[in-house]
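I opened the notebook to look up aromatic rings and their surroundings. Here is the structure I worked from.

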Amino acid sequence: MMRKPLLFAAAAVTALLATACGNVSSSSGSGGGETPPGITADQITIGATLPITGTAAVSGQGLQAGIQIAVDEINAGGGIGGRKVNAIILDDGFTPDRVVTNVRRLVSQEKVYAIVAPAGSQGLPGTWQFLAENKTPMWGPISPADPKQAEVYLLSATRAAQDAVAIDYFAKKGAKRLAVIKQDNDLGVSAKQALDAQMPKHPDMQVVADETTATGSTEVSSAVNKVVAAQPDAVLLAEDNTSTALILKQLLAQGFTGMVFADQGAGGTGGPSTVGPAGEAAEGFLGGMQADTVSTNNPAVEHWRELAKKSGKPQAESGFSLQTYSFVQAFAELVKRMGDDVSYANFQKTAEGLKSEPIKLGSIPDIECGPLPDGHTCARQAGIAKYTGGKWVVEQEFMAPI
Amino acid sequence: MLQTIVSGLESGSWFALLGLAIVVVMKAADVPNFAMAEMGLVATYVGISLAAAGLPFWITVLATLVVGIALGVLIDAALMRRLSKYGHFPLLLMTIGLSLALNAVVGLIWGHDPRSFPAPWSGVSVGVGGGVSIGVSQIVSIVVGLVGAVAITMFFRSSTGAQMRAVAENRATARLIGVNAGRLSAIAWGIGGLIAAVTVMLQAQSSLVSTITPTSLIIYGFVAATMGGFTSLIGTFVGGLILGVIQQFVGAYLSTAAQFSVALLIVFLVLVLRPDGFTKGVRLRDV
Amino acid sequence: MSDSTEVLASAPTTGPAAVAAGIRANAGAADEGGRGSGLRKGIVAIVALVVLFAVPFVANSYLVFVLSLTLVYAISTVGFNLLVGWSGQIGLAHAALFALGAYGSAISVQHGVPFLITIPLAGVAAALLAVIIGFPAVRLKGFFLAIATLALGMAIVELLVFARPITGGGAGMNVDVWTLPGITGSASTYFVILVVAALTFFLTRRALLGRFGRTLQAVRDLGPLTGSLGVSVLRYRLVAFGLSGFIAAVAGTLYSQLQTFIFPAMFHMNLLVPMLVMVFVGGAGSLWGPLVGAAFAVVIIEFFQDLGDQQAIAYGLVLMVVIALLPGGLTSLFRTVRDSRFGTALLRRKPATPVPGTEGTAAAPETAAKEDA
């Protein structure tokens with residue numbers, strides 16, 4: 001009598017094993033089949049994981065708004081080649097293990113066709129192996145380093161590329177003494193990469209202060225004190241929004257008048273997320289541009305701005321929003337170009353063919369992906385905007401580092 | 001050098017005040033309150049909203065303080081008191097749960113953008129010679145911190161304060177001699193909320209606060225409280241100031257990234273070498 | 001102040017009777033475990049294991065991942081519970097020891113050590129470190145122990161940032177995933193986790209229901225008075241530190257395999273807080289509680305996913321409500337129901353422990369933690 005449940009379970013398990021062995025076998029990956037998941041004749045499902053709550057919620061809400069604005073617009077216009085877009089957005093609260101969980105949920109449970117414009121930069125590398133197993137494309141993740149992987153396409157200049165462009169800019173403006181304040185995480189690593197790559201090209205310029213601050217801490221004053229004491233001509237920041245605003249305030253309080261640059265994420269270029277809290281200290285502040293949030297005479301940007309205003313979503317008019325808006329639009333364009341063959345093989349083939357026929361949106365640098373190893377960084381150009389008189393203006397057009 | 005010391009004393013005052021708030025609640029209610037910084041943040045954000053609505057500066061300050069007190073009393077009455085008979089662990093976790101909830105509430109109502117509390121003296125600084133200038137807001141932080149510490153010490157000399165110390169010494173005996181522990185714990189939580197509100201408000205008038213602020217502030221508050229052995233008010237206050245200055249010097253002469261680690265090592269060493277606080281030997285009539 | 005005055009000072013709030021009741025209750029549970037129901041329980045356990053083994057064959061990889069994560073947290077919570085619940089010491093270096101396991105394993109694997117060997121290796125290393133941490137710390141009382149271990153734990157995680165050449169610093173490092181031949185990485189990781197979880201639960205259960213567990217509780221509940229029974233209090237506390245560190249690191253090695261990419265910011269307060277929640281919700285000092293607690297913490301976040309920007313507040317509120325209504329954790333609810341008249345009628349058997357007042361039974365093992373502080 002006691003044995004009954006055991007026998008039953010054993011029988012059930014044997015039956016299950018017989019029917020469903022494919023799930024664990026590595027030889028026949030589920031994504032390798034001819035028809036990828038998440039796409040039918042009249043619908044395409046995409047997914048993203050974003051920090052909608054938690055410490056990065058400011059950017060997360062903007063990123064979310066951008067995706068939704070784009071999806072609404074595409075669907076109002078009849079979808080992508082007749083397929084309505086269904087976007088599933090999960091919140092990761094900026095915690096790394098939830099980024100990993102969410103990507104698995106999107107791929108295995110929600111069966112998305114592709115992951116489009118996800119954030120969660122630091123947790124994201126934990127999904128590379130999983131994406132490779134499933135062959136699910138990741139189109140336009142926000143600012144990780146390039147994993148040089150078949151499934152992952154970066155659509156905007158990395159932080160390192162933006163910092164490199166800024167170093168070139170400083171040199172052009174005649175700066176001799178450069179100071180750096182960076183966070184002890186992937187932000188800091190990007191800044192270091194840029195310094196290592198660009199400083200040898202500008203022999204006249206030297207790094208006079210190189211400070212590191214702790215992640216998640218708003219204690220920046222001693223770094224600022226040290227930087228000011230070193231009397232630099234220019235300061236390069238690799239920090240989060242809050243710390244950047246704080247540093248700007250404290251630099252002003254100590255009478256520093258040189259150039260200060262932060263990348264798009266940290267500077268919130270085009271939007272108020274950094275310059276708002278910094279107040280008058282933001283005057284003259286330089287922000288990197290991955291997307292052209294700034295020009296008022298750029299029709300593509302004006303079009304987005306109208307939609308964003310109408311949506312009324314929080315942070316909808318931030319630079320983050322334009323970024324994901326553009327990435328989703330680019331994705332739609334790519335799928336359109338793929339034609340009837342929606343297989344992942346054709347996705348990769350079409351994407352890598354963009355080198356000869358780039359996707360030009362106007363709001364972000366042209367997307368020109370090529371074959372691996374380096375081709376999946378599809379945009380290298382970054383611009384610089386300056387915050388003057390209460391608004392952002394273009395200081396330097398999009399260009400690649402020297 | 002002078003700039004380093006002043007910056008250190010300024011952030012040290014915040015640490016010291018929050019440490020005092022922690023110690024006061026710890027003394028009377030026997031709870032290590034991990035939600036202390038969040039309580040101050042909520043109060044400060046109410047004040048910032050009122051200021052944005054055009055109310056005069058001193059009214060907003062007063063409102064912030066009242067919200068801080070009310071929040072403390074409410075939390076004690078609604079959540080903490082009936083848990084106390086189940087031991088330390090549920091209490092500790094309740095304050096953690098509370099900190100998560102309050103932080104989320106702030107994010108939901110006010111968003112995650114950093115804000116500042118505009119004071120009449122914001123952005124004004126005075127030159128002290130040698131090209132060094134000190135912000136008035138820095139001086140305000142240091143002076144208010146000092147005044148607050150003196151006021152709390154005076155309070156513990158009063159008869160209510162004496163009863164509180166009796167409770168801290170021995171809960172059961174205190175009850176035997178007719179001390180109303182419930183009333184005392186409400187008072188302690190009220191004072192704790194008040195000091196927390198002052199702390200975050202001081203930080204907001206000098207720099208910026210956001211939903212990220214409490215995470216590091218609370219740790220430093222606990223470091224300060226540890227340096228006072230969780231009982232000594234003077235030890236806590238001096239400990240907080242020293243911590244702030246050490247932080248700045250570590251940042252200036254060692255590495256900014258090492259600041260946090262150094263603070264943590266100080267805690268560990270103080271606890272292991274002098275579990276009753278580093279001012280144990282020089283304690284006046286404390287406890 | 002010595003330990004003894006502290007115990008005497010706080011004892012009257014609940015009274016020695018509660019302590020005695022707690023010991024009796026647990027002794028009762030142990031007796032019950034030893035009686036005829038043992039066979040039945042064994043069969044239930046085996047059936048459960050077989051079912052769990054079958055999961056990856058039928059579930060998608062998201063569900064397998066969530067289940068893996070739950071099991072890893074459950075293993076870690078067994079260790080944490082051993083320290084906090086059974087030995088009554090609120091030591092908060094657990095996340096750091098967990099991180100040590102994750103990094104130790106990942107780095108060793110990079111240098112050619114087979115993954116399976118790194119599991120016990122990392123465990124032993126962390127156990128040694130835990131004892132070193134514990135050596136000064138076990139003399140501290142209550143919250144002082146909590147703050148000291150919290151500080152040291154955070155400092156250890158900070159060290160991972162500074163050890164850039166071997167850990168990759170703040171930017172993190174990749175983990176090479178160990179795979180069984182012919183099976184996907186996720187499934188291989190799951191099977192290893194399942195085996196380790198089963199072993200952990202089986203061995204800890206045996207240890208805690210036996211002499212070791214009872215001595216540990218006696219040390220917790222009676223403090224230095226245990227010395228008169230011929231038991232070295234400090235030694236037992238240190239052993240609890242070491243064992244919990246061992247288990248934390250073992251869970252950490254599995255966590256690194258599951259995440260495939262690790263960096264120091266993973267192991268800060270944002271990990272320690274859920275760890276505490278898991279111990280608490282499962283009920284400090286209960287045997288199966290860690291599994292309940294881990295499932296609660298992982299699953300509730302997945303369920304709250306649909307609440308959008310309100311999930312953070314929902315998480316905080318649910319936690320507060322659980323603490324307010326069930327100070328003994330979720331498992332105390334089962335115990336209360338089982339020992340209530342209704343539950344007894346339902347199960348058609350006598351209450352497991354005839355302690356007067358159901359509330360006392362449910363709360364006693366938890367309140368006992370207070371006596372020690």
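My entries on rings, helices and a record follow.

**Aromatic pairs.** I am working on a predicted model. I looked up the aromatic pairs over all chains and found 30. I then picked one of them, C:Y73 with C:Y255. Their ring centres lie 6.1 Å apart. Their planes meet at 40 degrees, so I noted the pair as tilted. Stacked would need under 30 degrees and edge-to-face over 60.

**Where the two sit.** I checked the helices next. C:Y73 is in helix α4 of chain C, residues 61-86. C:Y255 is in helix α11 of chain C, residues 233-259.

**The record.** I looked up chain C in UniProt, in an unreviewed entry. The entry places the feature "transmembrane region" at several spans, including residues 65-84 and 238-255. I checked both spans in the model. Residues 65-84 of chain C are 100% helix and 0% strand, with end C-alpha atoms 28 Å apart. Residues 238-255 of chain C are also 100% helix and 0% strand. Their end C-alpha atoms lie 25 Å apart.

**Other chains.** In chain A I noted one aromatic cluster: A:Y113, A:W139, A:Y153, A:F331, A:Y344 and A:F347. In chain B I found a charge over a ring. The charged end of B:K27 sits over the ring of B:F156, 4.5 Å from the ring centre.

How values were computed
Residues numbered from 1 in each chain as written. Chains lettered and ligands numbered in written order. Predicted model: local features only at pLDDT ≥ 70, side-chain atom pairs only at ≥ 80, totals over all residues. Heavy atoms only, no water. Phe/Tyr/Trp six-rings, centres within 6.5 Å; stacked < 30°, edge-to-face > 60°. Helix = DSSP H or I, 4+ residues; strand = E, 2+ residues; numbered from the N terminus. Lys NZ or Arg CZ within 6 Å of the ring centre and 35° of its normal. UniProt positions renumbered as here; feature names shortened; annotations may be inferred.
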